[in-house]
Amino acid sequence: GALLALGYSEKELLQVPYIKFVHPDDMEITVKETEQISLGRPCTNFRNRYRCKDATYKWIDWRAVLGENNSVVYACGRDISLQKQMDERFELAFHTAPIGMALVSTGGKWLKVNAVLCSLVGYSQEELLESTFQAITHPEDLESDLKEMFRVLSGEINEYSIEKRYIKKDGTILAAKIHVVGIQNAINQTQYFISHIMTTGK
């Protein structure tokens, strides 16, 4: 499966210990994960890089379990290189955006915030990640925001834009326009929100 996608034949793979294909920076964590598997702990969502025949590397997501006689490991790998590239591009766009951006849980907790948002509201990243958007939303604007959020959670809409006010750390008011998009899983359930926050200067 995933290892054959590296460009080697099955014979080539079987002739060399698997660790020889692992990226040098990932060897230590791979050895530790293998040791844990040998002790009977199943492996889920372990990710490392493997060298392709053309000398490039691919990211592989692993699930593995020790066999009944503790003599063999059954492993299933999935090539996630494209997903990793997309994740890296999102990270770059998220942190270099000229506007405030955040990932928010379905309950309103800040999951991830960029530096621009922190600057806009006057809170540090650590402070925001311990809080919720409700906690810094102006009380008069909270109901309308929650109403739209629940419309996304119910499946009525996928995204919304509203103008609202935040209460900054110093107690002053930030007038902003936000655009919120619900990110769904394979069965169309909203898992979290991506919020874009732009100051209106009002």
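Here is a walk through the structure above, from its overall build down to a few single residues.

First, some ground rules: this is a predicted model, in which local features need pLDDT of at least 70 and side-chain atom pairs count only at pLDDT 80 or more, while totals for chains, interfaces and linings use all residues. Residues are numbered from 1 along each chain as its sequence is written, and side-chain values use heavy atoms, with hydrogens and water left out.

Let's start with the whole chain. It has 7 helices and 8 strands; these are DSSP runs numbered from the N terminus, with helices being H or I of at least four residues and strands E of at least two. The radius of gyration is 23 Å, well over the 17 Å that the globule rule gives for 202 residues, so the chain is more spread out than a compact globule. (That radius is taken over C-alpha atoms, and the rule is 2.2 Å times the number of residues to the power 0.38.) Along its principal axes, the C-alpha trace spans about 70 × 30 × 30 Å.

Of the 202 residues in the chain, 36% are buried. Buried here means under 20% relative accessible area, exposed means over 50%, and partly exposed is in between, with a 1.4 Å probe and protein chains only. The accessible surface of the chain comes to about 12,100 Å², and carbon and sulfur atoms account for 54% of that; the areas come from the Shrake-Rupley method with a 1.4 Å probe, and for residues only the protein chains shown count as cover. As for contacts (heavy atoms within 4.5 Å), take those between residues at least 6 apart in sequence: 36% of them join residues at least 24 apart.

Now for the insides. In soluble globular proteins, nonpolar side chains tend to be buried together. A nonpolar core is counted here as a set of buried Ala, Val, Leu, Ile, Met, Phe, Trp, Tyr and Cys residues joined through side-chain atoms within 4.5 Å. The largest one has 24 residues, and Trp110, Leu117, Leu128, Tyr160 and Tyr166 touch the most other members. Among the elements giving two or more residues to this core are strand 4 (100-105), helix 4 (115-121), helix 7 (139-153) and strand 8 (190-199). A second, separate core has 13 residues, including Tyr8, Ile37, Cys43 and Cys52.

Leaving aside neighbours within four places in sequence, tyrosine 166 is in contact with residues including Val121, Ile136, His138, Leu174, Ile178 and Ile197.

Asp141, Asp145, Leu146, Glu148, Met149 and Val152 are buried in helix 7. They sit on the same side of the helix, because they cover an arc of only 165° around its axis, going by the directions from the helix axis to the C-beta atoms. Helix 6, strand 6, strand 7 and strand 8 are among the elements covering them. On the other side of helix 7, Glu140, Glu143 and Lys147 are exposed. Glycine 155, with a positive phi near 90°, follows the helix.

Over in helix 2 (residues 27-38), the buried residues are Thr30, Glu33 and Ile37. They span an arc of only 65° around the axis, which puts them on the same side of helix 2. Their cover includes strand 1, strand 2 and strand 3 (73-79). Glycine 40 follows helix 2 and has a positive phi, near 100°. Leucine 39 lies in the loop between helix 2 and strand 1 and is exposed, with a relative accessible area of 69%.

Two residues other than glycine also have positive phi. Asparagine 45, with phi near 55°, is in strand 1 (residues 43-51) and is partly exposed at 44% relative accessibility. Alanine 55, with phi near 80°, is in the loop between strand 1 and strand 2 (57-66) and is exposed at 53%.
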